Amino acid sequence: MSPIKPTGGFIPRDRNWQPDALTPPYKTSVKRSPQAALLSFPTTLSEETSPVFGHNILGELDNDLILNYAKPGESAIGPRIIVHGRVLDENGRGVPGALVEFWQANAGGRYRHKKEAYQAALDPNFGGCGRTITAEDGSYEFRTIQPGPYPWPNGMNDWRPAHIHFSVFGHGFAQRLITQMYFDGDPHIKLCPIVGVLKSQEAVDALTALLDMNRTVPMDSRAYKFDMVLRGRRQTYFENRKEGL
Amino acid sequence: MTQRLDYLKESPSQTAGPYVHIGCTPNFTGIEIYGGDLGTSMKTGPVKGEEITIKGVVYDGTGTPLRDAMIEIWQPDAAGLFASANETRGQADPNFTGWGRSPGDMNTGEFTFETVKPGAVPFPDGRMQAPHITVWIVARGINLGLHTRIYFADETEANAADPILTRIEHQNRIPTLLAEKSADGSYRFDIHLQGPKETIFFDI
(Lines give C-alpha, C1' and ligand atoms only; values in the text may rest on other atoms or scores of the structure.)
Protein backbone atom coordinates (compact mmCIF):
# COMPACT_ATOMS: atom_id res chain seq x y z
CA MET A 1 0.00 0.00 0.00
CA SER A 2 1.31 3.41 -0.88
CA PRO A 3 1.76 5.99 1.86
CA ILE A 4 -1.34 7.96 2.73
CA LYS A 5 -1.16 11.35 1.11
CA PRO A 6 -2.51 14.25 3.11
CA THR A 7 -5.07 15.64 0.70
CA GLY A 8 -7.82 16.59 3.12
CA GLY A 9 -8.53 20.08 4.30
CA PHE A 10 -5.86 22.05 6.08
CA ILE A 11 -5.30 21.41 9.77
CA PRO A 12 -6.92 24.30 11.64
CA ARG A 13 -4.57 27.06 12.59
CA ASP A 14 -3.55 26.87 16.27
CA ARG A 15 -4.78 30.19 17.59
CA ASN A 16 -3.30 29.45 21.01
CA TRP A 17 0.12 29.34 19.40
CA GLN A 18 -0.16 32.14 16.85
CA PRO A 19 -0.09 35.72 18.19
CA ASP A 20 -3.33 37.47 19.05
CA ALA A 21 -4.52 40.38 16.94
CA LEU A 22 -4.66 42.81 19.86
CA THR A 23 -1.27 43.22 21.54
CA PRO A 24 -1.23 46.68 23.18
CA PRO A 25 2.54 46.93 23.80
CA TYR A 26 2.81 46.86 19.99
CA LYS A 27 0.78 50.03 19.63
CA THR A 28 -0.17 49.84 15.97
CA SER A 29 -2.11 46.65 16.68
CA VAL A 30 -4.58 48.49 18.90
CA LYS A 31 -6.59 50.08 16.09
CA ARG A 32 -5.77 47.46 13.47
CA SER A 33 -7.03 44.39 15.33
CA PRO A 34 -10.45 42.91 14.63
CA GLN A 35 -12.57 42.69 17.79
CA ALA A 36 -15.36 40.36 16.72
CA ALA A 37 -14.80 36.63 16.86
CA LEU A 38 -13.36 35.13 13.70
CA LEU A 39 -15.67 32.98 11.60
CA SER A 40 -14.30 29.44 11.81
CA PHE A 41 -14.84 27.12 8.87
CA PRO A 42 -13.11 24.13 7.36
CA THR A 43 -11.05 24.99 4.31
CA THR A 44 -12.68 24.67 0.90
CA LEU A 45 -11.18 24.53 -2.57
CA SER A 46 -10.74 28.30 -2.38
CA GLU A 47 -8.17 27.87 0.39
CA GLU A 48 -6.79 24.47 -0.67
CA THR A 49 -5.53 25.78 -4.00
CA SER A 50 -3.01 28.47 -4.84
CA PRO A 51 -1.17 29.85 -7.84
CA VAL A 52 1.89 28.08 -9.17
CA PHE A 53 5.14 30.02 -9.35
CA GLY A 54 7.57 28.48 -11.79
CA HIS A 55 11.33 28.68 -11.44
CA ASN A 56 11.26 30.50 -14.79
CA ILE A 57 10.12 33.71 -13.06
CA LEU A 58 13.43 33.91 -11.22
CA GLY A 59 16.39 35.97 -12.38
CA GLU A 60 19.92 34.80 -11.76
CA LEU A 61 20.53 37.25 -8.89
CA ASP A 62 17.07 37.21 -7.29
CA ASN A 63 18.44 35.26 -4.32
CA ASP A 64 21.61 37.32 -3.96
CA LEU A 65 20.99 40.58 -2.12
CA ILE A 66 24.70 41.31 -2.09
CA LEU A 67 24.63 41.74 -5.86
CA ASN A 68 21.04 42.12 -7.05
CA TYR A 69 20.97 45.90 -6.60
CA ALA A 70 24.70 46.58 -6.85
CA LYS A 71 26.45 48.41 -9.65
CA PRO A 72 28.54 46.11 -11.85
CA GLY A 73 31.73 45.22 -10.04
CA GLU A 74 30.48 46.49 -6.68
CA SER A 75 28.63 44.81 -3.81
CA ALA A 76 26.58 45.62 -0.73
CA ILE A 77 28.41 46.59 2.47
CA GLY A 78 28.09 44.51 5.62
CA PRO A 79 28.71 41.05 7.08
CA ARG A 80 28.21 38.55 4.29
CA ILE A 81 25.85 35.73 5.23
CA ILE A 82 24.03 32.83 3.62
CA VAL A 83 20.54 32.09 4.89
CA HIS A 84 19.26 28.63 4.14
CA GLY A 85 16.75 26.13 5.39
CA ARG A 86 13.66 24.23 4.41
CA VAL A 87 10.00 25.03 4.05
CA LEU A 88 8.10 22.15 5.65
CA ASP A 89 4.48 21.47 6.46
CA GLU A 90 3.13 20.43 9.86
CA ASN A 91 3.39 16.79 8.79
CA GLY A 92 7.14 17.29 8.36
CA ARG A 93 7.07 17.05 4.57
CA GLY A 94 9.18 19.41 2.50
CA VAL A 95 7.13 21.89 0.49
CA PRO A 96 8.56 22.08 -3.03
CA GLY A 97 7.88 24.99 -5.36
CA ALA A 98 7.07 27.44 -2.54
CA LEU A 99 7.66 31.10 -3.39
CA VAL A 100 9.81 32.63 -0.64
CA GLU A 101 10.25 36.40 -0.67
CA PHE A 102 12.47 38.27 1.80
CA TRP A 103 13.24 41.86 2.65
CA GLN A 104 15.37 43.62 5.20
CA ALA A 105 17.23 46.74 6.33
CA ASN A 106 20.84 47.25 5.31
CA ALA A 107 23.84 46.68 7.56
CA GLY A 108 23.23 50.02 9.28
CA GLY A 109 19.57 49.23 9.97
CA ARG A 110 18.20 51.46 7.20
CA TYR A 111 15.48 50.47 4.72
CA ARG A 112 15.36 51.72 1.16
CA HIS A 113 11.95 53.37 1.49
CA LYS A 114 10.82 56.96 1.22
CA LYS A 115 8.92 56.78 4.53
CA GLU A 116 12.03 55.53 6.34
CA ALA A 117 13.32 58.24 8.70
CA TYR A 118 16.32 56.62 10.42
CA GLN A 119 19.53 58.58 9.99
CA ALA A 120 21.72 55.56 9.20
CA ALA A 121 23.18 55.78 5.71
CA LEU A 122 21.69 54.13 2.66
CA ASP A 123 23.96 51.72 0.88
CA PRO A 124 23.80 52.59 -2.84
CA ASN A 125 24.49 48.95 -3.66
CA PHE A 126 21.78 47.42 -1.48
CA GLY A 127 18.11 47.21 -2.43
CA GLY A 128 17.00 44.98 0.41
CA CYS A 129 14.76 42.43 -1.28
CA GLY A 130 15.12 39.03 -2.87
CA ARG A 131 13.17 35.89 -3.66
CA THR A 132 13.55 32.24 -4.47
CA ILE A 133 11.49 29.10 -4.98
CA THR A 134 12.03 25.98 -2.90
CA ALA A 135 13.57 22.85 -4.42
CA GLU A 136 11.98 19.37 -4.48
CA ASP A 137 12.86 18.78 -0.81
CA GLY A 138 11.58 22.20 0.27
CA SER A 139 15.06 23.67 0.65
CA TYR A 140 15.98 27.25 -0.19
CA GLU A 141 19.05 29.43 0.07
CA PHE A 142 19.99 33.04 -0.45
CA ARG A 143 22.92 35.34 0.15
CA THR A 144 22.70 38.71 1.82
CA ILE A 145 24.37 40.99 4.33
CA GLN A 146 23.42 40.78 8.00
CA PRO A 147 20.92 43.56 8.69
CA GLY A 148 21.44 45.97 11.58
CA PRO A 149 19.05 46.67 14.47
CA TYR A 150 17.20 49.95 14.25
CA PRO A 151 14.98 52.25 16.33
CA TRP A 152 11.28 52.52 15.61
CA PRO A 153 8.47 54.74 16.85
CA ASN A 154 6.49 52.78 19.43
CA GLY A 155 7.74 53.37 22.96
CA MET A 156 10.21 56.19 23.53
CA ASN A 157 13.22 53.98 22.92
CA ASP A 158 12.25 50.79 21.12
CA TRP A 159 14.71 49.01 18.86
CA ARG A 160 14.02 46.11 16.57
CA PRO A 161 16.41 43.20 16.80
CA ALA A 162 18.20 42.52 13.53
CA HIS A 163 15.73 40.58 11.39
CA ILE A 164 14.79 39.46 7.92
CA HIS A 165 11.14 39.46 6.83
CA PHE A 166 9.81 36.40 5.01
CA SER A 167 6.70 35.90 2.91
CA VAL A 168 5.93 32.29 2.01
CA PHE A 169 3.50 30.97 -0.57
CA GLY A 170 2.87 27.23 -0.33
CA HIS A 171 0.34 25.06 -2.15
CA GLY A 172 -2.84 26.41 -0.59
CA PHE A 173 -3.97 29.96 0.07
CA ALA A 174 -4.67 28.79 3.65
CA GLN A 175 -0.91 28.38 4.12
CA ARG A 176 -0.09 31.97 3.31
CA LEU A 177 2.34 33.25 5.91
CA ILE A 178 4.48 36.26 6.68
CA THR A 179 7.01 36.12 9.48
CA GLN A 180 10.44 37.34 10.58
CA MET A 181 13.75 35.64 11.23
CA TYR A 182 15.91 36.73 14.16
CA PHE A 183 19.59 36.02 14.85
CA ASP A 184 20.62 33.88 17.80
CA GLY A 185 22.22 35.91 20.56
CA ASP A 186 20.70 39.29 19.68
CA PRO A 187 19.99 41.03 23.03
CA HIS A 188 17.15 43.04 21.45
CA ILE A 189 15.03 39.90 20.96
CA LYS A 190 14.02 39.92 24.63
CA LEU A 191 13.18 43.65 24.58
CA CYS A 192 11.16 43.97 21.38
CA PRO A 193 7.37 44.53 21.59
CA ILE A 194 6.88 42.85 18.20
CA VAL A 195 8.75 39.73 19.29
CA GLY A 196 6.74 40.17 22.49
CA VAL A 197 3.48 39.32 20.72
CA LEU A 198 4.70 35.72 20.56
CA LYS A 199 3.13 33.68 23.31
CA SER A 200 5.98 31.45 24.41
CA GLN A 201 9.73 31.12 24.43
CA GLU A 202 9.21 28.13 22.14
CA ALA A 203 7.60 30.43 19.58
CA VAL A 204 10.47 32.92 19.85
CA ASP A 205 12.95 30.08 19.42
CA ALA A 206 11.07 28.93 16.31
CA LEU A 207 11.92 32.26 14.68
CA THR A 208 15.52 32.48 15.88
CA ALA A 209 18.10 31.24 13.41
CA LEU A 210 21.31 29.60 14.53
CA LEU A 211 24.77 30.16 13.14
CA ASP A 212 25.46 27.16 10.90
CA MET A 213 29.21 26.72 10.58
CA ASN A 214 28.72 23.70 8.30
CA ARG A 215 27.25 25.91 5.60
CA THR A 216 29.67 28.79 5.88
CA VAL A 217 31.91 29.46 2.90
CA PRO A 218 35.42 29.75 4.35
CA MET A 219 36.95 33.20 3.93
CA ASP A 220 33.71 34.41 2.30
CA SER A 221 30.36 34.16 4.12
CA ARG A 222 28.94 32.90 7.39
CA ALA A 223 25.65 30.99 7.33
CA TYR A 224 22.41 30.91 9.32
CA LYS A 225 19.82 28.14 9.13
CA PHE A 226 16.14 29.02 9.21
CA ASP A 227 13.38 26.46 8.64
CA MET A 228 9.79 27.53 8.21
CA VAL A 229 6.67 25.46 8.76
CA LEU A 230 3.41 25.97 6.88
CA ARG A 231 0.06 24.49 7.75
CA GLY A 232 -0.33 20.83 6.76
CA ARG A 233 -3.26 18.94 5.30
CA ARG A 234 -5.18 16.24 7.08
CA GLN A 235 -4.81 12.61 6.06
CA THR A 236 -7.91 11.35 4.31
CA TYR A 237 -7.65 7.56 4.17
CA PHE A 238 -10.78 7.07 6.25
CA GLU A 239 -12.43 10.33 5.46
CA ASN A 240 -15.50 9.57 3.40
CA ARG A 241 -18.20 11.12 5.53
CA LYS A 242 -19.88 14.16 4.08
CA GLU A 243 -19.86 17.17 6.32
CA GLY A 244 -22.93 17.44 8.52
CA LEU A 245 -23.73 13.72 8.51
CA MET B 1 6.52 8.89 29.27
CA THR B 2 3.94 8.45 26.56
CA GLN B 3 4.72 8.54 22.87
CA ARG B 4 4.91 11.98 21.32
CA LEU B 5 3.04 13.30 18.33
CA ASP B 6 5.68 14.32 15.87
CA TYR B 7 3.81 17.08 14.07
CA LEU B 8 5.63 20.36 13.61
CA LYS B 9 4.21 23.66 14.79
CA GLU B 10 3.34 26.20 12.11
CA SER B 11 5.89 29.01 12.11
CA PRO B 12 4.60 31.81 14.29
CA SER B 13 3.48 34.80 12.29
CA GLN B 14 4.98 38.25 12.70
CA THR B 15 3.72 41.49 11.26
CA ALA B 16 4.62 42.34 7.68
CA GLY B 17 5.78 45.68 9.09
CA PRO B 18 5.74 49.07 7.38
CA TYR B 19 7.93 47.99 4.48
CA VAL B 20 6.15 44.90 3.14
CA HIS B 21 6.10 46.64 -0.22
CA ILE B 22 9.91 46.45 -0.42
CA GLY B 23 9.68 42.69 -0.27
CA CYS B 24 6.52 41.92 -2.20
CA THR B 25 6.04 44.84 -4.60
CA PRO B 26 9.54 46.38 -4.78
CA ASN B 27 8.95 48.13 -8.11
CA PHE B 28 6.06 49.99 -6.51
CA THR B 29 8.54 51.44 -4.00
CA GLY B 30 11.01 52.42 -6.69
CA ILE B 31 13.32 49.43 -6.33
CA GLU B 32 13.42 48.34 -9.96
CA ILE B 33 14.04 44.64 -9.96
CA TYR B 34 12.58 41.32 -11.22
CA GLY B 35 11.19 42.97 -14.37
CA GLY B 36 7.98 43.91 -12.53
CA ASP B 37 5.95 43.08 -9.42
CA LEU B 38 4.19 39.74 -9.08
CA GLY B 39 0.40 39.75 -9.08
CA THR B 40 0.07 43.14 -10.77
CA SER B 41 -1.95 41.65 -13.61
CA MET B 42 -4.33 38.71 -13.31
CA LYS B 43 -4.81 38.40 -17.06
CA THR B 44 -2.19 37.20 -19.49
CA GLY B 45 -4.43 37.39 -22.56
CA PRO B 46 -8.11 37.47 -23.53
CA VAL B 47 -10.11 35.93 -20.67
CA LYS B 48 -13.43 34.12 -20.57
CA GLY B 49 -16.35 35.49 -18.59
CA GLU B 50 -17.38 38.86 -17.27
CA GLU B 51 -14.45 41.20 -16.70
CA ILE B 52 -14.85 43.24 -13.54
CA THR B 53 -12.95 45.78 -11.48
CA ILE B 54 -12.89 45.65 -7.69
CA LYS B 55 -11.81 48.67 -5.67
CA GLY B 56 -11.61 49.22 -1.96
CA VAL B 57 -9.74 50.67 0.98
CA VAL B 58 -8.63 49.03 4.22
CA TYR B 59 -9.63 51.20 7.20
CA ASP B 60 -8.40 51.00 10.77
CA GLY B 61 -10.61 51.38 13.83
CA THR B 62 -10.47 55.18 13.64
CA GLY B 63 -11.58 55.23 9.99
CA THR B 64 -8.10 56.04 8.72
CA PRO B 65 -7.10 54.32 5.46
CA LEU B 66 -4.12 51.98 5.63
CA ARG B 67 -1.44 52.98 3.17
CA ASP B 68 1.06 50.34 4.16
CA ALA B 69 -1.06 47.24 3.62
CA MET B 70 -0.71 44.50 1.07
CA ILE B 71 -3.86 42.85 -0.20
CA GLU B 72 -3.87 39.57 -2.07
CA ILE B 73 -6.84 37.91 -3.73
CA TRP B 74 -7.26 34.38 -5.06
CA GLN B 75 -10.19 33.11 -7.06
CA PRO B 76 -11.32 30.67 -9.72
CA ASP B 77 -11.99 31.60 -13.33
CA ALA B 78 -15.45 32.31 -14.71
CA ALA B 79 -16.16 28.57 -14.86
CA GLY B 80 -15.21 28.01 -11.23
CA LEU B 81 -11.82 26.41 -11.96
CA PHE B 82 -8.56 27.39 -10.26
CA ALA B 83 -5.27 27.91 -12.09
CA SER B 84 -3.65 25.68 -9.49
CA ALA B 85 -1.65 22.46 -9.38
CA ASN B 86 -4.28 21.22 -6.91
CA GLU B 87 -7.15 21.73 -9.36
CA THR B 88 -8.38 18.27 -10.38
CA ARG B 89 -11.76 19.13 -11.90
CA GLY B 90 -10.58 20.53 -15.22
CA GLN B 91 -8.38 23.02 -16.99
CA ALA B 92 -8.77 26.63 -15.89
CA ASP B 93 -8.71 29.53 -18.35
CA PRO B 94 -5.04 29.62 -19.42
CA ASN B 95 -5.13 33.43 -19.68
CA PHE B 96 -6.29 34.00 -16.13
CA THR B 97 -3.97 33.58 -13.13
CA GLY B 98 -6.64 33.94 -10.45
CA TRP B 99 -4.14 35.67 -8.17
CA GLY B 100 -3.72 39.38 -7.61
CA ARG B 101 -1.55 41.37 -5.24
CA SER B 102 -1.94 45.09 -4.57
CA PRO B 103 0.02 47.52 -2.40
CA GLY B 104 -2.84 50.03 -2.62
CA ASP B 105 -2.47 53.57 -3.86
CA MET B 106 0.51 55.40 -2.34
CA ASN B 107 -1.67 58.35 -1.25
CA THR B 108 -5.19 57.01 -0.74
CA GLY B 109 -4.50 53.37 0.06
CA GLU B 110 -7.14 52.32 -2.46
CA PHE B 111 -6.53 48.91 -4.03
CA THR B 112 -7.76 47.95 -7.48
CA PHE B 113 -8.06 44.51 -9.01
CA GLU B 114 -8.85 43.97 -12.68
CA THR B 115 -10.28 40.49 -12.69
CA VAL B 116 -13.23 38.35 -13.81
CA LYS B 117 -16.40 37.48 -11.96
CA PRO B 118 -15.60 34.12 -10.38
CA GLY B 119 -17.63 30.99 -11.07
CA ALA B 120 -19.08 28.92 -8.26
CA VAL B 121 -16.98 26.37 -6.39
CA PRO B 122 -18.31 23.46 -4.31
CA PHE B 123 -18.20 23.25 -0.52
CA PRO B 124 -16.59 20.06 0.87
CA ASP B 125 -20.04 18.42 1.12
CA GLY B 126 -20.77 19.00 -2.56
CA ARG B 127 -23.19 21.91 -2.22
CA MET B 128 -22.25 24.90 -4.34
CA GLN B 129 -20.87 28.01 -2.67
CA ALA B 130 -21.86 31.44 -3.90
CA PRO B 131 -19.26 33.04 -6.18
CA HIS B 132 -16.55 34.55 -4.03
CA ILE B 133 -12.97 35.72 -3.94
CA THR B 134 -10.58 34.87 -1.12
CA VAL B 135 -8.77 37.85 0.40
CA TRP B 136 -5.66 38.04 2.55
CA ILE B 137 -4.54 41.27 4.23
CA VAL B 138 -1.22 42.02 5.90
CA ALA B 139 0.17 45.29 7.21
CA ARG B 140 2.05 46.94 10.03
CA GLY B 141 0.09 46.31 13.21
CA ILE B 142 -1.48 43.07 11.90
CA ASN B 143 0.21 40.22 13.74
CA LEU B 144 -1.31 37.41 11.69
CA GLY B 145 -2.57 37.88 8.13
CA LEU B 146 -6.34 38.34 7.96
CA HIS B 147 -8.50 36.15 5.72
CA THR B 148 -11.85 37.29 4.44
CA ARG B 149 -13.96 36.79 1.33
CA ILE B 150 -15.56 39.01 -1.27
CA TYR B 151 -19.08 37.90 -2.19
CA PHE B 152 -21.24 39.83 -4.63
CA ALA B 153 -24.34 41.75 -3.61
CA ASP B 154 -25.91 41.02 -7.01
CA GLU B 155 -25.73 37.23 -6.47
CA THR B 156 -28.80 37.27 -4.24
CA GLU B 157 -29.97 33.70 -4.90
CA ALA B 158 -26.55 32.10 -4.66
CA ASN B 159 -25.76 34.05 -1.49
CA ALA B 160 -29.04 32.96 0.10
CA ALA B 161 -28.06 29.31 -0.43
CA ASP B 162 -24.37 29.63 0.42
CA PRO B 163 -23.22 27.08 3.04
CA ILE B 164 -21.07 29.64 4.86
CA LEU B 165 -23.16 32.80 4.59
CA THR B 166 -26.26 30.99 5.85
CA ARG B 167 -24.42 29.80 8.95
CA ILE B 168 -23.21 33.21 10.10
CA GLU B 169 -24.77 34.00 13.46
CA HIS B 170 -24.95 37.76 13.04
CA GLN B 171 -26.72 38.01 9.67
CA ASN B 172 -26.63 41.81 9.96
CA ARG B 173 -22.86 41.64 9.41
CA ILE B 174 -23.13 39.85 6.04
CA PRO B 175 -23.09 43.14 4.07
CA THR B 176 -19.46 43.53 5.21
CA LEU B 177 -18.69 40.63 2.86
CA LEU B 178 -20.63 41.94 -0.14
CA ALA B 179 -19.09 43.88 -3.00
CA GLU B 180 -21.56 46.44 -4.34
CA LYS B 181 -21.67 47.84 -7.86
CA SER B 182 -20.62 51.52 -7.95
CA ALA B 183 -21.78 54.21 -10.34
CA ASP B 184 -18.64 53.75 -12.45
CA GLY B 185 -19.44 50.06 -12.99
CA SER B 186 -16.75 48.74 -10.66
CA TYR B 187 -17.41 46.76 -7.51
CA ARG B 188 -16.70 48.40 -4.16
CA PHE B 189 -15.30 46.30 -1.32
CA ASP B 190 -14.00 48.29 1.64
CA ILE B 191 -12.43 46.45 4.54
CA HIS B 192 -12.86 47.68 8.12
CA LEU B 193 -10.42 46.19 10.58
CA GLN B 194 -12.57 47.13 13.58
CA GLY B 195 -15.47 49.31 14.64
CA PRO B 196 -19.21 49.11 13.94
CA LYS B 197 -18.60 48.16 10.30
CA GLU B 198 -15.93 45.58 11.12
CA THR B 199 -15.51 43.13 8.26
CA ILE B 200 -16.14 39.47 9.01
CA PHE B 201 -12.73 37.81 9.10
CA PHE B 202 -12.30 34.09 8.68
CA ASP B 203 -10.48 31.50 10.72
CA ILE B 204 -10.19 29.12 7.83
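Q: What share of the 245 residues of chain A counts as buried?
A: 47% of them count as buried. A residue is buried if 20 or more other C-beta atoms lie within 10 Å of its own, exposed if 12 or fewer, and partly exposed in between, with C-beta atoms placed from the backbone.

Q: Where does the model come from, and how do I read the labels?
A: This is a predicted model, in which local features need pLDDT of at least 70, side-chain atom pairs count only at pLDDT 80 or more, and totals for chains, interfaces and linings use all residues. Residues are numbered from 1 along each chain as its sequence is written, while chains are lettered from A and ligands numbered from 1 in the order in which they are written.

Q: What pLDDT does chain B average?
A: Chain B averages 97, and 100% of its residues score at least 70. pLDDT is the predictor's confidence in each residue, from 0 to 100.

Q: And what are the ipTM and pTM scores?
A: The model has an ipTM of 0.97 and a pTM of 0.96.

Q: Back to chain A. How many helices and strands does it have?
A: Two helices and twelve strands. Helices (H or I, at least four residues) and strands (E, at least two) are DSSP runs, numbered from the N terminus. Along the sequence the pattern is β-α-β-β-β-β-β-β-β-β-α-β-β-β.

Q: Why is chain A called as compact as a globular protein of that length?
A: Its radius of gyration is 20 Å, close to the 18 Å that the globule rule gives for 245 residues, so chain A is as compact as a globular protein of that length. The radius is taken over C-alpha atoms, and the rule is 2.2 Å times the number of residues to the power 0.38. The C-alpha atoms fill a box of roughly 65 × 40 × 30 Å along the principal axes.

Q: Pick a strand in chain A. How many residues of β8(A) are buried?
A: Seven of its seven, residues 163-169. A:H163, A:H165, A:S167 and A:F169 lie on one side. A:I164, A:F166 and A:V168 lie on the other.

Q: Why two sides?
A: In a regular strand the side chains alternate between the two faces of the sheet.

Q: Which strands pair with β8(A)?
A: β3(A), residues 99-103, pairs with β8(A) in the antiparallel sense over five bridges. β9(A), residues 177-183, is also antiparallel to β8(A), over six bridges. Two strands pair if DSSP finds at least two bridges between them.

Q: What stands opposite A:H165?
A: A:W103 stands opposite A:H165. A:Q180 in β9(A) is opposite A:H165 too.

Q: How many bridges join β3(A) to β4(A)?
A: Five, and the two strands run antiparallel. A:V100 stands opposite A:T132 in β4(A). β4(A) covers residues 129-133, and five of its five residues are buried.

Q: Now chain B. What is its secondary structure?
A: Two helices and eleven strands. From the N terminus the order is α-β-β-β-β-β-β-β-α-β-β-β-β. The radius of gyration is 18 Å, close to the 17 Å of the globule rule for 204 residues, so chain B is as compact as a globular protein of that length. Buried residues make up 50% of the chain.

Q: How many residues of chain B are in contact with chain A?
A: 64 residues of chain B are in contact with 75 residues of chain A. Contact means that C-beta atoms, placed from the backbone, lie within 7 Å. On the chain B side, the largest share comes from β6(B), with five residues.

Q: Which strand of chain A pairs with β11(B)?
A: β1(A), residues 39-40, in the parallel sense over two bridges. A:L39 has B:F202 as its bridge partner in β11(B).

Q: Last topic, the core. How many residues are in the largest nonpolar core?
A: 109 residues. A nonpolar core is a set of buried Ala, Val, Leu, Ile, Met, Phe, Trp, Tyr and Cys residues joined through C-beta atoms within 7 Å. Those with the most contacts inside it are A:V87, A:V168, B:V58, B:I137 and B:V138. β6(B) gives the most to this core, six residues.

Q: What does B:V138 contact, leaving aside neighbours within four places in sequence?
A: Among its contacts are A:I178, B:A16, B:V20 and B:M70.

Key. Contact = placed C-beta atoms within 7 Å.
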